[in-house]
Amino acid sequence: MGTTVSAYAATAATEPLTETTITRREVGPHDVAFDIHFAGICHSDIHTVRAEWGQPNYPVVPGHEIAGVVTEVGAEVTKYKVGDRVGVGCFVDSCRECDSCKEGLEQYCTGTGQVGTYNAVGRDGEPTMGGYSGAIVVDENYVLRIPDSIPLDAAAPLLCAGITLYSPLRHWNAGPGTNVAIIGLGGLGHMGVKLAKAMGAKVTVLSQSLKKMEDGLRLGADEYYATSDPDTFVALAGTFDLILNTVSANLDLGAFLGLLKRDGTLVELGAPEKPLKVPFFPLGGMRRSLAGSMIGGIAETQEMLDFCAEHDVRPEIEVITPDYINEAYERVLSSDVRYRFVIDTAGLRN
Ligand code: NAP
Ligand code: ZN
Ligand code: ZN
């Protein structure tokens with residue numbers, strides 16, 4: 001039977017999100033049910049509901065930065081109990097048997113593929129529905145524990161924006177002595193600045209303008225440059241070990257590759273609607289690498305949450321009510337987000 005909760009859903013690419021009701025499955029033996037307290041708005045939510053990555057399965061209830069409190073656990077659940085503070089990120093299941101799953105890299109599952117928190121189909125054959133809602137039921141193995149020192153509203157954006165930057169910073173060994181640049185100071189980008197700084201790297205923000213420079217430096221950036229100024233590409237040529245591109249639109253990657261040292265790596269994190277163009281010479285000419293990375297596995301997401309607790313890393317958030325979601329989308333699209341919208345879902349709980 002399951003339970004009914006309120007949610008905000010998109011019914012078409014060109015329609016605003018509206019309030020509706022959805023059903024959450026009955027709590028199975030391995031499931032954790034929790035009341036959602038906060039859900040972050042990720043630019044991926046907008047790409048998805050506006051059909052920029054292909055036609056989604058409407059209605060779409062977005063939201064994969066979810067934080068809340070456990071209300072019920074299945075008979076065989078061992079990791080969580082009622083009252084625990086928990087979160088869910090971008091996926092709620094995977095095959096559990098392939099090499100990626102066994103290595104804790106569920107996001108790269110080659111069996112069933114990761115089962116998205118929304119716009120996917122769960123093991124039960126039902127469409128998955130995300131965090132813009134009052135409650136959710138998720139297998140305990142795909143649930144994260146939120147450290148006591150991190151408030152639930154601040155925890156939400158860590159579950160996508162946080163891990164998406166933490167994982168490549170770790171994989172490409174950001175730390176003392178490395179020179180890291182972050183392109184785009186939005187939801188992902190501002191977490192990149194904070195995390196890279198906490199890991200001990202030197203951090204430079206590459207933003208379209210200097211409008212957010214004061215913020216960038218306050219968040220921990222050592223330097224801040226405008227990419228609209230051609231001099232930036234002269235001044236910073238051959239400077240960085242690692243560049244993380246968080247931009248949601250198509251950039252001239254050739255210009256940015258030229259900012260890497262020999263053997264440096266540019267990691268593509270933004271997922272624009274159209275393919276990116278890559279010229280050979282700024283890449284091959286200095287044996288540079290262009291890489292990509294997608295979120296992080298469950299174990300690494302937990303590691304990231306614990307790292308943020310220990311190093312006092314929190315996102316900068318603007319908490320909104322659900323009736324502001326459509327306006328928040330427009331503000332994200334015009335780079336007017338400081339730096340993550342987080343929906344207080346109290347009005348959606350029954
Ligand atoms: P966001 O908050 O909108 O931030 C994107 C930033 O990119 C903006 O704040 C802006 O920064 C810059 N930007 C936007 N349009 C631009 C343009 N036309 N030219 C140059 N710069 C532009 O978005 P987000 O939530 O951080 O997500 C960013 C991208 O990452 C999206 O495509 C999203 O789907 C993707 N994503 C990927 C993963 C993954 O696992 N790889 C995970 C989550 C999200 P400035 O104003 O500073 O220039
Ligand atoms: Zn996301
Ligand atoms: Zn797998």
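Nine nonpolar, six polar and nine charged residues make up the lining of the second largest pocket. On the classes: Ala, Val, Leu, Ile, Met, Phe, Trp, Tyr, Cys and Pro count as nonpolar, Asp, Glu, Lys and Arg as charged, and the others, Gly among them, as polar.

Before I go on, the ground rules. This is a predicted model, where local features need pLDDT of at least 70, side-chain atom pairs count only at pLDDT 80 or more, and totals for chains, interfaces and linings use all residues. Residues are numbered from 1 along each chain as its sequence is written, chains are lettered from A and ligands numbered from 1 in the order in which they are written, and side-chain values use heavy atoms, with hydrogens and water left out.

Back to that pocket. Its space is about 510 Å³. Among its 24 lining residues, Arg25, Gly122, Asp124, Thr128 and Val137 lie nearest the centre. Strands E2 (18-24), E6 (91-93) and E8 (135-139) each give two or more residues to this lining. E8 gives the largest share, four residues. Strands here are DSSP runs of at least two residues, helices (H or I) of at least four, numbered from the N terminus.

Now the cavity. A search of the whole structure finds one of 30 Å³ or more. The largest cavity holds about 70 Å³. Its lining includes Cys90, Phe91, Tyr142, Ile163 and Thr301. By class, that lining has eight nonpolar, three polar and no charged residues.

How are these spaces defined? On a 1 Å grid over the protein atoms alone, a cavity is a set of points where a 1.4 Å probe fits but cannot get out; a pocket is an open set with protein on both sides within 12 Å along at least five of seven lines; lining residues have an atom within 4 Å of a point. Grid points are joined across faces, edges and corners, and a volume is the space filled by probe spheres set on the points.

Next, zinc, ligand 2. Which protein atoms are its donors? Cys42 (SG), His64 (NE2) and Cys160 (SG), at 2.0 to 2.2 Å. Donors are N, O and S atoms within 2.8 Å of the metal (3.2 Å for Na, K and Ca); water is not among the atoms, so sites may look incomplete. The spacing along the chain is C-x21-H-x95-C. Cys42 sits in the loop between strand E3 (31-40) and helix H1 (43-49), and Cys160 in the loop between helix H3 (152-155) and helix H4 (161-171), so the pair ties together parts 118 residues apart in sequence.

Last, ligand 1. A side-chain N or O atom of Ser207 is 2.5 Å from one of its oxygen atoms.

Definitions and conventions
Polar contact = N/O pair within 3.5 Å; in protein donor to acceptor, adjacent residues only side chain to side chain.
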